[in-house]
Amino acid sequence: QVQLVESGGGLVQAGGSLRLSCAASGRTFGVYTMGWFRQAPGKERELVATINWSGISTYYVDSVKGRFTISRDNAKNTVYLQMNSLRPEDTAVYYCAAKPRGTTGAYPYWGQGTQVTVSS
């Protein structure tokens, strides 16, 4: 089992940047696929980006490609989401999630979320 704690959210103007961090407990962080999700008010939660256990393979939803970068530091048990050129439509609660590598389907482990607000 892994526990996740996000940080780094806040209020930023459109065009600005934020870096979210997600710190994981436990000594087996490297065996988890990590994902960042977001949920805006009145909308369903959506997958934003994922990164495999080694950091070699990543995925981004089309709306953030070229603007967001997911990365991980397994020595620090931390995954990051660098968000550049932020837009008002990026406003949401951002969650990190983990699932054991090699598994498909839902992510069983979630953080509590961090609010990102982008003003126009």
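Biologist: What am I looking at, and how is it numbered?

Modeller: It's a predicted model, where local features need pLDDT of at least 70, side-chain atom pairs count only at pLDDT 80 or more, and totals for chains, interfaces and linings use all residues. Residues are numbered from 1 along each chain as its sequence is written, and side-chain values use heavy atoms, with hydrogens and water left out.

Biologist: How many helices and strands does the protein chain have?

Modeller: Zero helices and 11 strands. From the N terminus on, the order is β-β-β-β-β-β-β-β-β-β-β. The assignments are DSSP runs, numbered from the N terminus: helices are H or I with at least four residues, strands are E with at least two.

Biologist: What about the radius of gyration of the protein chain?

Modeller: The protein chain has 13 Å, which agrees with the value near 14 Å for a compact globule, because that is what 120 residues would give. The radius is taken over C-alpha atoms, and the globule rule is 2.2 Å times the number of residues to the power 0.38. Along the principal axes, the C-alpha atoms fill a box of roughly 40 × 25 × 25 Å.

Biologist: How much of the protein chain is buried?

Modeller: 43% of the 120 residues count as buried. Buried means under 20% relative accessible area, exposed over 50%, and partly exposed in between (1.4 Å probe, protein chains only). The accessible surface comes to about 6,300 Å², and 48% of that belongs to carbon and sulfur atoms. Those areas come from the Shrake-Rupley method with a 1.4 Å probe; for residues, only the protein chains shown count as cover.

Biologist: And what share of the contacts comes from residues 24 or more positions apart?

Modeller: 55% of the contacts with a separation of 6 or more. A contact means heavy atoms within 4.5 Å.

Biologist: Switching to charges: how far apart are the mean positions?

Modeller: The 12 positive and 7 negative charges have mean positions 8 Å apart. Lys and Arg count as positive, Asp and Glu as negative, and His and the chain ends are not counted. Each charge is placed at NZ of Lys, CZ of Arg, CG of Asp or CD of Glu.

Biologist: Now Arg 67. Buried or exposed?

Modeller: Arg 67 counts as buried because its relative accessibility is 7%. Arg 67 is in the loop between β6 (58-60) and β7 (68-73).

Biologist: What does the side chain of Arg 67 reach?

Modeller: The backbone oxygen of Ser 63, at 2.8 Å. For a polar contact you need a pair of N or O atoms within 3.5 Å; within protein, one must be able to donate a hydrogen and the other to accept it, and residues adjacent in sequence count only if both atoms are side-chain atoms. Leaving out residues up to four places away in sequence, Arg 67 also touches several others, including Gln 82, Ser 85 and Asp 90.

Biologist: Ser 85, then. What's its phi?

Modeller: Near 50°, a positive value in a residue other than glycine. Most residues other than glycine have a negative phi. Ser 85 sits in the loop between β8 and β9 (92-100) and is partly exposed, at 41% relative accessibility.

Biologist: Which loop holds Asn 77?

Modeller: The one between β7 and β8 (78-83). Phi of Asn 77 is near 55°, also a positive value. Asn 77 is buried, with a relative accessible area of 17%, and among its contacts beyond four places in sequence are Cys 22, Gly 26 and Phe 29.

Biologist: And where's Asp 73?

Modeller: In strand β7. Asp 73 is partly exposed, at 24% relative accessibility. A polar atom of the Asp 73 side chain lies 3.0 Å from the backbone nitrogen of Ala 75. Setting aside neighbours within four places, Asp 73 is in contact with Phe 29, Thr 78 and Tyr 80.

Biologist: Last two: where do Ala 49 and Leu 4 sit?

Modeller: Ala 49 is in strand β5 (residues 46-51) and is buried, with a relative accessible area of 0%. Beyond four places in sequence, Ala 49 touches residues including Trp 36, Tyr 59 and Leu 81. Leu 4 is in strand β1 (residues 4-7) and counts as buried at 6% relative accessibility. Leu 4 and Tyr 95 are 91 residues apart in sequence, with their C-alpha atoms 9.3 Å apart.
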